[in-house]
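Please look over the following structure before reading the briefing.

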Amino acid sequence: PIMNIKRNIIFALESRKKNGVPIVENVPIRMRVIYASQRIEFTTGYRIDVAKWDADKQRVKNGCTNKLKQSASEINADLLKYYTEIQNVFKEFEVQEAMPTTQQLKDAFNLRMKDTSEDQEDVKISFWEVFDEFVKECGNQNNWTESTYEKFAAVKNHLKEFKEDLTFEYFNEFGLNEYVNFLRDKKDMRNSTIGKQMGFLKWFLRWSFKKDYHQNIAYDTFKPKLKTTPKKVIFLTWEELNRLKDYQIPKDKQYLERVRDVFLFCCFTSLRYSDVRNLKRSDVKSDHIEVTTVKTADSLSIELNKYSKAILEKYKDIHFENHMVLPVISNQKMNDYLKEIAAICGIEKTLTYHVAHYSCATSVLLANGVPIETVSKILGHTNIRTTQIYARITDLKVSSDMEMLAQKLDTPHRTANR
């Protein structure tokens, strides 16, 4: 009689937990093979929600599809094929009167699967489909803003331009270095930008690794050799702020006046462009404004000073669309105009809206003795180390001021010795 290897073949969902809670969405389907007191798990390459899985029949419930729009009939047909193939493998060993080791069984099964299906590759989910799922899921979980979605659309575009047929396996040490070279040489990016792009890519690779889409962990130890220069913070000194404030803008360039006023308002209140654009009449109280910042979702109450009050007063009777308090146009256009303003005021610095944020930190707040913890909160920094960059600049200013003072004190203008 032919040898009979007792075996049990079970299709089941992988049981996994996240923070102690079982994962019920998009769970991998496994084929478990038990024989001769041994157990092997095969991945089937498919995933399904727990609710769509029939545990008794060990199949996907009829009419259901998974996140990749693979249908129950398609998945179940493949599960049946796996079942048939593993049975055939056992039969071969029975005919040879041999009890296979787990490795022999695996090898024989994988060989058969290669032979039977050239379309086996279909099960391998594409890099781009996973990327889209990542954006969708992280965007929902973290309440991404429009600009974050745009950022990740750019990340995807760079990756596509780099290599249309990317796979997870490609990003080993070599592949990651190739991508860094591409960003530097082809996209002409500076080191800090490359660092950010690689950070986004690593986030995606880490997420997809945790989701079991690949086993390539090279991203974890990869450190691109980038020399980053310390962040150069451009800001206006108190003297420059006053020069800008008091400058008489020519009659034929009245459009610049509005841009200047909005810029100064940001300097005197610490608001970012996105927040001043969202500032509504209802947010303005008699001596303060109440804002929820777009970037960090902090609720802030910002005291108004005589400078910021004067700007609000100037525009209080003019109606702007969407109940905006100030005449804010697109960031790009405003930044263009700011460069024009800097030129006519004789300020030799590249002005952009974000310079207002920095100027507020250094010349308005820190220089006037506001404690760094308070400045950190006002600027919406989650980490005080970010604020310390500004504090260092102010320290430099303090030391040069002290030097001037020392020089003044040491200048011989004393009365003659008696």
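In this predicted model, strand β4 is mostly covered, since seven of its nine residues are buried, where buried means under 20% relative accessible area, exposed over 50% and partly exposed in between, with a 1.4 Å probe and protein chains only. Helices (H or I, at least four residues) and strands (E, at least two) are DSSP runs, numbered from the N terminus. Residues are numbered from 1 along each chain as its sequence is written, and side-chain values use heavy atoms, with hydrogens and water left out. Because the model is predicted, local features need pLDDT of at least 70 and side-chain atom pairs count only at pLDDT 80 or more, while totals for chains, interfaces and linings use all residues.

**The sheet around β4**

- Three strands form an open sheet in the order β1-β4-β5, with antiparallel pairing; two strands pair if DSSP finds at least two bridges between them.
- β1 (7-13) and β5 (38-48) stand at the edges with a single partner strand each, so one side of each is left without a neighbour in the sheet.
- Neighbouring strands of this sheet are turned by 20° against each other on average, direction ignored; axes are lines fitted to C-alpha atoms, for helices over the stretch in contact, and angles run from 0 to 180 degrees between N-to-C directions.
- Strand β4 (residues 27-35) pairs with β1 in the antiparallel sense over seven bridges, and M31 in β4 is the bridge partner of F11.
- On the pairing with β5, β4 is joined in the antiparallel sense over eight bridges, and here M31 stands opposite F42.
- β4 and β5 form a hairpin with two residues between them, and A36 in the turn has a positive phi of about 45°.
- Helix α1 (residues 72-95) lies across β1, β4 and β5 and runs at about 155° to β1.

**Helix packing and a buried serine**

- Helix α4 (residues 146-162) packs against helix α6 (residues 191-210) at an angle of about 90°, with their axes 11 Å apart.
- The two helices α4 and α6 are therefore roughly perpendicular to each other, a term for angles of 65 to 115 degrees, whereas under 35 counts as roughly parallel, over 145 as roughly antiparallel and the rest as oblique.
- Where they meet, K151, F152, V155, H158 and L159 in α4 face Q197, F200, L201 and W203 in α6, contact meaning heavy atoms within 4.5 Å.
- S359 has its place in helix α13 (residues 353-365) and is buried, with a relative accessible area of 0%.
- Leaving aside neighbours within four places in sequence, S359 is in contact with F235, L236, C267 and V364.

**The chain as a whole**

- The protein chain holds 15 helices and nine strands, and buried residues make up 41% of its 418 residues.
- Its radius of gyration is 32 Å, whereas a compact globule of 418 residues would have one near 22 Å; the radius is taken over C-alpha atoms, and the globule rule is 2.2 Å times the number of residues to the power 0.38.
- Taken along the principal axes, the C-alpha atoms of the protein chain fill a box of roughly 125 × 60 × 40 Å.
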